[in-house]
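Please look over the structure below before reading the notes on it. They take up a ligand site and then a single residue.

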Amino acid sequence: MADSRVNIADLDLINPVLTASGTFGYGLEYQDFVDLGQLGGVIVKGTTLHSREGNPYPRMAETAQGMLNCVGLQNKGVDYFCAHIYPQIKDIRTNMIVNVSGNSPDDYAECASRINELDCIPAIELNISCPNVKHGGMAFGTTVEGATSVVKAVREAYRKTLIVKLSPNVTSITDIALAVQDAGADAVSLINTLMGMAIDIEKRKRVLSIGTGGLSGPCIKPVALRMVYQVAHVVQIPVIGIGGISNAKDAVEFLLAGATAIEIGTANFLDPAISVKVVKGIDEYLDKHGFESVKDIIGICE
Amino acid sequence: MKKYVLDLKVTSVESLGERYLLLVAINPAGRLPKMFPGQFAQLRIDESKETFLRRPISLHYVDYKKNEVCFLVQKVGKGTASLWEKRPCSTLNAVLPLGSGFTMPTSPQKKVLLVGGGVGIAPLLFMGMELKKMGVRPAFLLGARSKTDLIRLDAYRAQGDVYVTTEDGSEGEMGFVTQHSILQIEKFDCIYVCGPKPMMVAMAYYAKSTGTPCEVSLENMMACGLGACLCCVEDTVDGNVCVCKEGPVFNIDKLKW
Ligand SMILES: Cc1cc2nc3c(=O)[nH]c(=O)nc-3n(C[C@H](O)[C@H](O)[C@H](O)COP(=O)(O)OP(=O)(O)OC[C@H]3O[C@@H](n4cnc5c(N)ncnc54)[C@H](O)[C@@H]3O)c2cc1C
Ligand SMILES: Cc1cc2nc3c(=O)[nH]c(=O)nc-3n(C[C@H](O)[C@H](O)[C@H](O)COP(=O)(O)O)c2cc1C
Ligand code: FES
């Protein structure tokens with residue numbers, strides 16, 4: 001059997017498969033289907049400093065080979081997370097990683113510093129696709145300055161592994177990735193959802209409550225793969241690949257493109273046990289092709 | 001309650017008129033888990049290339065002796081329509097049981113009314129069967145556009161009294177369920193409703209005006225069905241809550257209608 005262990009900075013993963021934020025709850029929702037201890041990690045729901053009600057219903061629309069969502073980071077805030085959710089997930093034997101969001105660098109930093117106190121949370125993933133309220137609501141992750149400001153602030157407040165999740169809605173993803181690396185990120189993960197829209201032709205209205213939403217699922221995979229490949233070729237830190245991964249073949253493509261690990265998102269909705277199937281499928285691929293370690297295939301695609 | 005992903009095997013596919021389908025399936029791999037009225041399954045749609053997500057469908061009934069579960073499906077769009085392609089022996093992949101069901105009445109002495117409109121009658125058969133088991137003889141008030149949309153009445157009659165309204169008067173009393181005379185004649189201890197939203201809102205109003213406890217089953221659009229994605233929320237007195245997990249059945253006191 002091939003060795004499937006990988007490292008993301010100081011983080012040891014038993015295999016390169018994680019689940020993506022916002023699609024896997026707190027992991028607890030999937031425990032009937034998946035032995036969470038068999039995953040490289042679980043990235044829990046987006047958490048903010050203060051509680052958020054999220055956007056009104058309807059929050060989703062089905063698309064060709066994908067879906068749009070505008071959930072809007074509904075969560076009860078970091079204090080609630082620490083007091084009520086953390087005790088339920090702290091003994092899960094995998095890397096439980098918290099996805100952190102905010103509307104100002106200070107919010108992000110404050111939220112991160114609270115999570116820094118939790119012994120069983122070894123890393124956070126910063127979602128920098130959130131709107132910057134002080135700068136007209138433009139997402140932090142869409143400019144080098146915005147991304148740098150958040151990562152710098154969080155780096156000072158947070159001592160464990162810091163993963164920064166990049167937005168694909170940018171002109172040059174490599175510029176942002178390099179800026180984030182310079183600002184102190186230990187790893188980058190990409191991609192977050194692509195901005196999209198759906199229209200109901202009978203009602204002649206936009207389907208989602210706020211008009212637009214984030215596109216995810218197999219339809220975004222080629223875009224995600226291209227971006228992961230590009231970023232992996234310019235940064236020195238590990239890259240985590242995300243976007244439309246639905247089976248082991250998709251996962252292997254991302255590893256070949258340069259990702260050290262991958263996250264599975266929307267595919268969990270179609271098959272709640274898909275994550276462990278992907279773990280097994282990667283093993284089979286490695287054995288079939290005689291690789292001794294998963295590390296041997298990372299980024300080997302020219 | 002433990003949830004399962006099962007490859008069910010279809011044993012019978014029956015068209016009921018042009019718009020409804022009765023799909024019966026067994027679990028070939030073992031015993032079906034215990035399930036409750038008002039709960040639902042997320043069905044994988046294998047026959048359509050156009051759909052992407054699963055579709056939530058209520059448990060029409062569960063027969064543990066035969067190890068079978070039944071779904072009553074209305075043809076709405078591409079996903080539900082493609083279930084018509086199922087044949088005996090087809091695989092029906094289902095995640096179940098999902099959600100929390102109806103609250104059973106506290107004693108068999110209770111007078112129970114089950115109100116359904118359109119395909120919303122589906123979960124009420126299972127509810128009627130469980131009520132009958134505990135010694136309650138429920139009354140069903142079923143509404144449809146026209147006689148041809150009234151399906152499976154005999155199955156409902158086997159559980160209790162059936163009252164009917166049609167919008168065109170082709171069967172039962174003419175009008176909407178909320179206009180049926182039984183609501184004036186009888187006083188019920190609890191009401192359970194599933195159907196189009198305007199109908200549920202009207203019944204909730206009736207229940208409030210008569211001080212009758214009432215539960216409704218919502219049909220918000222869903223992605224995961226597991227309480228993980230927060231796509232299916234309803235704005236309640238407790239804020240936005242997941243219909244797939246906290247519901248689909250809600251006491252009307254929780255809703256902001
Ligand atoms: C908990 C729950 C239980 C349900 N039980 C049953 C049942 O027992 N039998 C049954 O026939 N149907 C049931 N439904 C409704 C069923 O899920 C939808 O009709 C189905 O998802 C539509 O899929 P489609 O691909 O055919 O339509 P689509 O092509 O996806 O859509 C066609 C139209 O239907 C509307 N629509 C899509 N999804 C829903 C939805 N979830 N609710 C209402 N309208 C929708 C869309 O807005 C669109 O206008 C239930 C829904 C829920 C949430
Ligand atoms: C319903 C839903 C909610 C999401 N919520 C978050 C979130 O809170 N934070 C975040 O960083 N990404 C969030 N995402 C993005 C996913 O984590 C992932 O980056 C994206 O869906 C692409 O991967 P996929 O195609 O495998 O789903 C969400 C995605 C979906 C579908
Ligand atoms: S459908 Fe995902 S939370 Fe209800």
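Predicted model: local features only at pLDDT ≥ 70, side-chain atom pairs only at ≥ 80, totals over all residues.

Residues are numbered from 1 along each chain as its sequence is written, chains are lettered from A and ligands numbered from 1 in the order in which they are written, and side-chain values use heavy atoms, with hydrogens and water left out.

**Ligand 2**

- Ligand 2 lies between chains A and B, and 22 residues surround ligand 2, the closest being A:Ser21, A:Lys165, A:Gly217, A:Gly244 and A:Thr266 (a residue counts if one of its heavy atoms lies within 4 Å).
- The shell around ligand 2 comprises six nonpolar residues, 15 polar ones and one charged, where Gly counts as polar.
- Oxygen atoms of ligand 2 make polar contacts (pairs of N or O atoms within 3.5 Å): one is 3.0 Å from an N or O atom in the side chain of A:Asn99, and one is 3.1 Å from a polar backbone atom of A:Ile191.
- The protein covers 95% of the 610 Å² of accessible area that ligand 2 has on its own (Shrake-Rupley method, 1.4 Å probe).

**B:Val177**

- B:Val177 sits in the loop between β11 (173-174) and α4 (182-185) of chain B, these being DSSP runs of at least two residues for strands and at least four for helices.
- With a relative accessible area of 4%, B:Val177 is buried (under 20%, 1.4 Å probe, protein chains only).
- Leaving aside residues up to four places away in sequence, B:Val177 touches residues including B:Leu141, B:Leu183, B:Met199 and B:Met203 (heavy atoms within 4.5 Å).

Terms used. Polar contact = N/O pair within 3.5 Å; in protein donor to acceptor, adjacent residues only side chain to side chain. Buried < 20%, exposed > 50% of the residue type's maximum accessible area, 1.4 Å probe, protein only.
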